[in-house]
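Please consult the sequence and the structure shown below.

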Amino acid sequence: DPTFMLNKDEWQEYMNPRRIKEDYLLVYTPYNTVDKQAIFEAAYAIAKENNLKVVTFSWDWRKDKMADQTIRYANPGDFLSLMHYATYVITNSFHGTAFSINLNKQFSVFMPSAFSTRISSLIELCGLQNRVVLNAFSSEKAREVIDYTSVNEVLEAERKKSIDFLKQALS
C-alpha cells in the first residue's frame with residue numbers, strides 16, 4: 001500500500017500539530033462496524049486501565065456519542081496527528097491498521113464485516129495476528145506490548161522492494 005512508502009518519521013511532515021493534550025485512545029472505525037458497542041466497551045476497558053480519554057474524529061459535524069471527545073471536520077493532517085499522538089488505537093479499517101503499524105502504535109483491530117482480506121494480509125505479513133479481535137475482546141491481549149523491531153524490519157524490506165520496483169518500471 002502507498003501509505004507504507006513513507007516511514008513514521010517522514011509522515012510527521014504531513015501531520016497537523018497535536019490537538020489533544022491529554023493521553024488518549026483513538027477509535028477509528030469508518031465503516032462496516034459489526035458491533036460498535038463491543039468496540040467501545042473494549043476502548044473504555046483499555047482507557048480505564050491506562051487513564052486515557054476515548055477520542056474519535058469526524059469528517060463533518062457529527063459527534064460520536066460513545067466517545068469522550070470527537071474531533072469534528074478532521075482533515076488528513078488531523079488524522080495523521082491523531083494517530084501519531086494516540087497512546088492506543090482501536091480500528092476496523094485497513095488504513096487504521098496500516099498507520100497503527102507504520103507509526104508503531106499499540107493497537108487492536110476488529111475485523112470489519114467485509115473487505116477484511118487486506119487487513120488479514122498485512123497483519124500476517126507483520127506477525128501481528130494477536131492484535132486481531134475475533135470473537136471477544138481480551139484485555140490481556142491488549143496489554144501485550146508490541147515490539148516493533150522485527151515489524152519495522154519487515155516494513156523496511158517491503159518498502160525497499162516497492163522502491164526498487166518503481167525505479168525499474170520507470171527506467
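Helices (H or I, at least four residues) and strands (E, at least two) are DSSP runs, numbered from the N terminus. The model is predicted: local features need pLDDT of at least 70 and side-chain atom pairs pLDDT 80 or more, while totals for chains, interfaces and linings use all residues. Residues are numbered from 1 along each chain as its sequence is written, and side-chain values use heavy atoms, without hydrogens or water.

**Largest pocket**
- A pocket is an open set of points on a 1 Å grid over the protein atoms alone, where a 1.4 Å probe fits, with protein on both sides within 12 Å along at least five of seven lines; lining residues have an atom within 4 Å of a point.
- The largest pocket holds about 390 Å³ of space, the volume being that filled by probe spheres set on the points.
- Its lining has 16 residues, with Thr29, Pro30, Phe57, Ser58 and Asp64 nearest the centre.
- At least two lining residues come from each of β1 (24-28), α2 (36-50) and β2 (53-57).

**Second largest pocket**
- The second largest pocket has a volume of about 270 Å³.
- Among its 14 lining residues, Asp1, Phe4, Leu125, Glu158 and Ser162 lie nearest the centre.
- Two or more lining residues come from each of α5 (117-126) and α7 (148-170), and α7 gives the largest share, 5 residues.

**Helix pair**
- Phe79, Leu80 and Met83 in α3 are in contact (heavy atoms within 4.5 Å) with Gly96, Phe99 and Ser100 in α4.
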